[in-house]
Amino acid sequence: MASAIMAGVCAAGLPAREVLGPLIAIGAAASAGLVDDMAGETDIKGLSGHLRVLAGGKVTTGAAKILLIGAGGLAAATMDACGRVGRRWPAPPWCAAAGIGLDAGMIALSAHVINLCDLRPGRALKAAAPPAAA
């Protein structure tokens, strides 16, 4: 499926490097959500519940989802920053690192906000479709 999307993007004239980061973030969130839906614990609820269990030494699918969505956001933000090198004014290294950190945080938090709507299969899609269409 990802190769079909990339083929469509390239056929539309968009550079693949500008689309690969968002595809990585979406793929990370979707795969983590699928694993959590299929094999997740039903007795542990919410971000604090999963982090409390993680602090106790047990990795839940919800905790793995938190980490995977964060890693996907960081990868997408880093790829976007690398694609912008030379197109904007030169910035000091600390500024580039801060920008990547802020971008990664916004991507991951956006995915987690959509995830809050995901109480039953399909609800996250319903919540994300109107803003995505706009």
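Which residues is Ala 28 in contact with, leaving aside its neighbours within four places in sequence? In this predicted model, the residues in contact with Ala 28 on that basis are Leu 68 and Gly 72. Ala 28 itself belongs to helix 2. With a relative accessible area of 11%, Ala 28 is buried, because the cut-off for that class is under 20%. A further relation across the sequence involves Ala 75, which is 47 residues from Ala 28 along the chain, while the two C-alpha atoms are separated by 9.9 Å.

The chain as a whole contains six helices and zero strands. Its pattern, read along the sequence, is α-α-α-α-α-α. The chain has 134 residues, of which 21% are buried. When contacts between residues at least 6 apart in sequence are considered, 51% of them join residues at least 24 apart.

Helix 2 covers residues 16-39, and Pro 22 is another of its residues. Pro 22 has a relative accessible area of 43% and is therefore partly exposed, a class that lies between the cut-offs of 20% and 50%. Pro 22 and Ala 76 are 54 residues apart in sequence, yet their C-alpha atoms are 5.8 Å apart in space. Ala 39 also lies in helix 2. For Ala 39 the relative accessible area is 52%, so this residue is exposed, the cut-off being over 50%. The C-alpha atom of Ala 39 is separated by 9.7 Å from that of Thr 60, a residue 21 places away along the chain.

Thr 60 is placed in the loop between helix 3, which spans 46-55, and helix 4. The relative accessibility of Thr 60 is 1%, and the residue counts as buried. If residues up to four places away in sequence are not counted, Thr 60 touches Glu 41, Ile 44, His 50 and Val 53. With one of these residues, His 50, there is also a polar contact, made between the two side chains at 2.7 Å.

Helix 4 comprises residues 61-84, and Lys 65 is located in it. Is Lys 65 buried or exposed? At a relative accessible area of 8%, Lys 65 is buried, because this value is under 20%. Apart from neighbours within four places in sequence, the residues in contact with Lys 65 are Ala 32, Gly 33, Asp 36 and Asn 115. Leu 67 is likewise found in helix 4. Leu 67 counts as exposed because its relative accessibility, 55%, is over 50%. From Leu 67 to Ala 108 the C-alpha to C-alpha distance is 9.5 Å, and the two residues are 41 apart in sequence.

Notes
Residues numbered from 1 in each chain as written. Predicted model: local features only at pLDDT ≥ 70, side-chain atom pairs only at ≥ 80, totals over all residues. Heavy atoms only, no water. Helix = DSSP H or I, 4+ residues; strand = E, 2+ residues; numbered from the N terminus. Buried < 20%, exposed > 50% of the residue type's maximum accessible area, 1.4 Å probe, protein only. Contact = heavy atoms within 4.5 Å. Polar contact = N/O pair within 3.5 Å; in protein donor to acceptor, adjacent residues only side chain to side chain.
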